[in-house]
Amino acid sequence: MSHQVRAVVARGKGAPVSLETIVVPDPGPGEALVRIEACGVCHTDLHYREGGINDDFPFLLGHEAAGVVESVGEGVTDVAPGDFVILNWRAVCGHCRACLRGRPWYCFDTHNAKQKMTLLDGTELAPALGIGAFAEKTLVAAGQCTKVDRTASAAAAGLLGCGVMAGIGAAINTGNVGRGDTVAVIGCGGVGAAAIAGANLAGAAKVIAVDIDDRKLATAGKLGATHTVNSKETDAVEAIRELTGGFGADVVIEAVGRPETYQQAFYARDLAGTVVLVGVPTPEMKLELPLLDVFGRGGALKSSWYGDCLPSRDFPMLIDLYLQGRLDLDAFVTETIALDEVEKAFERMHHGDVLRSVVVL
C-alpha cells in the first residue's frame, strides 16, 4: 500500500519550489511512516534548492520536524503508532567503531529509509537529510524518530531536529560550557541564538552576542545574552576582550561559517580557551592562521556537527526543560505558515527577517 500526499519539491537548481502530490510507501523493515505536524524552514533546505549540497534533484525538502508515527515496519520496537516524535538525520547504527567506543554522536554509518518516495510518474525523490518533511507524511528509518512528551508544541519541538539542537549542542556538548564561564557567540541567527540559550542553560556567567543586525542582537538579549556587540560598528575582538577583563572569552562559538568570523573567534578567546565552529562553510573557503598563534594560545579548536547530539538522550531532556519553562523554544518560532508558503519563507530568511518560519500542517 502507498499514500498520496502533498509535499514541497525542488526540481532544479535555483528554481522556485513547487507544491506537488507525491507517493509515500508503507514502511518496510526498520522504517516508520510519520504524519508531519510541523517542520521548520532551515538554511539547509535553501542550500538543497540552490544545488549547494549535491545535484540529486528532485529533492523533497524539509527536515526540522515533529509529528506522529502512523505505522512501523517489521522489527521496529523503539517507537509505535501514536507516538509523538521529533525527527533527526543522525540515526546511529550502534555497531561502528564510534558507537562501540561509546561515542554514538560520531556514528560513521547513520542510516535512512531504504524505500524511495516518488513523484506520481515514478521519479524517485531525494529527501533532504534523509527526511523530507515538507510533506503531509514522510517515510524515515525508525531510528530517525525520537519519542518525546506529547504536550509539547509541535512547531517548537520540531526545531530540535536541526538548528536549535545544533546551537544548544555547540555550547553544551561541544564547547563544554560550565558554570561561571564567559561565552561569546558570533552570528545570532537561529543556530547562534540557540547557542546563547544553551550557554545560559549551562550556567555561563556572561554571554556576549555578536552580529551586524540589531534585530538579531535584540532577540539574542531576550534569549539570555548579557551583552551585545554590533560588529559593523565595533571591532568584535576588542569588544569581547574589553567585556572579559582583557582576557577573551572561555568559549567562543562561531555560528556564521566564514574565515573572517572564525579568525575573530580565534583571537577573541582566552588563553587555553575553546573555539567551536558550528557555522557551515562552503567548499571553496580557506583559513589562514599563524601556526605559532595556534600553538601559543593552547586550548581547543573544535567543530560541532549537529551539536554533537545524541537524539535519544538530548531531545527528551530539552523538551522537559521546555515544558518546565526553562528553555523558551517558542521564541525561535517567528511565524507559522502553510506548505505553499515555503518559497516566500526562503525570501524572508534570506533577508534576515525571521529566526524560523515553521510549516504547520
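Predicted model: local features only at pLDDT ≥ 70, side-chain atom pairs only at ≥ 80, totals over all residues.

Trainee: Which residues lie nearest the centre of the second largest pocket?
Mentor: D78, G143, C145, T146 and S312. The lining has 14 residues in total.

Trainee: How much space lies in there?
Mentor: About 250 Å³.

Trainee: Which element gives the largest share of the lining of that pocket?
Mentor: Strand β10, with 3 residues. Both β10 (145–147) and α10 (311–323) give two or more.

Trainee: And how do the lining residues divide into nonpolar, polar and charged?
Mentor: There are 7 nonpolar, 4 polar and 3 charged.

Trainee: Switching topic. Which residues touch the most other members in the largest nonpolar core?
Mentor: L61, L87, F134, I196, I253 and F332, in a core of 92 residues. Another core lies apart from it, with 17 residues, including A184 and V275.

Trainee: Now charges. How many salt bridges does the count come to?
Mentor: The count comes to 15. One of them joins R348 and E335, with the closest N and O atoms 2.7 Å apart.

Trainee: Why does that pair tie parts together?
Mentor: R348 lies in helix α11 and E335 in strand β17, so the pair links parts 13 residues apart in sequence.

Trainee: What about D213, buried or exposed?
Mentor: D213 counts as buried, because its relative accessibility is 15% and the cut-off is under 20%. Its salt bridge partner is R215, at 2.9 Å, N to O. R215 is partly exposed, at 45%.

Trainee: Which residues are linked in a network of salt bridges?
Mentor: R35, E37, E70, K137 and R150.

Terms used. Residues numbered from 1 in each chain as written. Heavy atoms only, no water. 1 Å grid on protein atoms, 1.4 Å probe; cavity = no way out; pocket = protein on both sides within 12 Å on 5 of 7 lines; lining within 4 Å. Points joined across faces, edges and corners; volume = space filled by probe spheres on them. Helix = DSSP H or I, 4+ residues; strand = E, 2+ residues; numbered from the N terminus. Nonpolar A, V, L, I, M, F, W, Y, C, P; charged D, E, K, R; others polar. Core = buried A, V, L, I, M, F, W, Y, C linked by side-chain atoms within 4.5 Å. Buried < 20%, exposed > 50% of the residue type's maximum accessible area, 1.4 Å probe, protein only. Salt bridge = Lys/Arg side-chain N within 4 Å of Asp/Glu carboxyl O.
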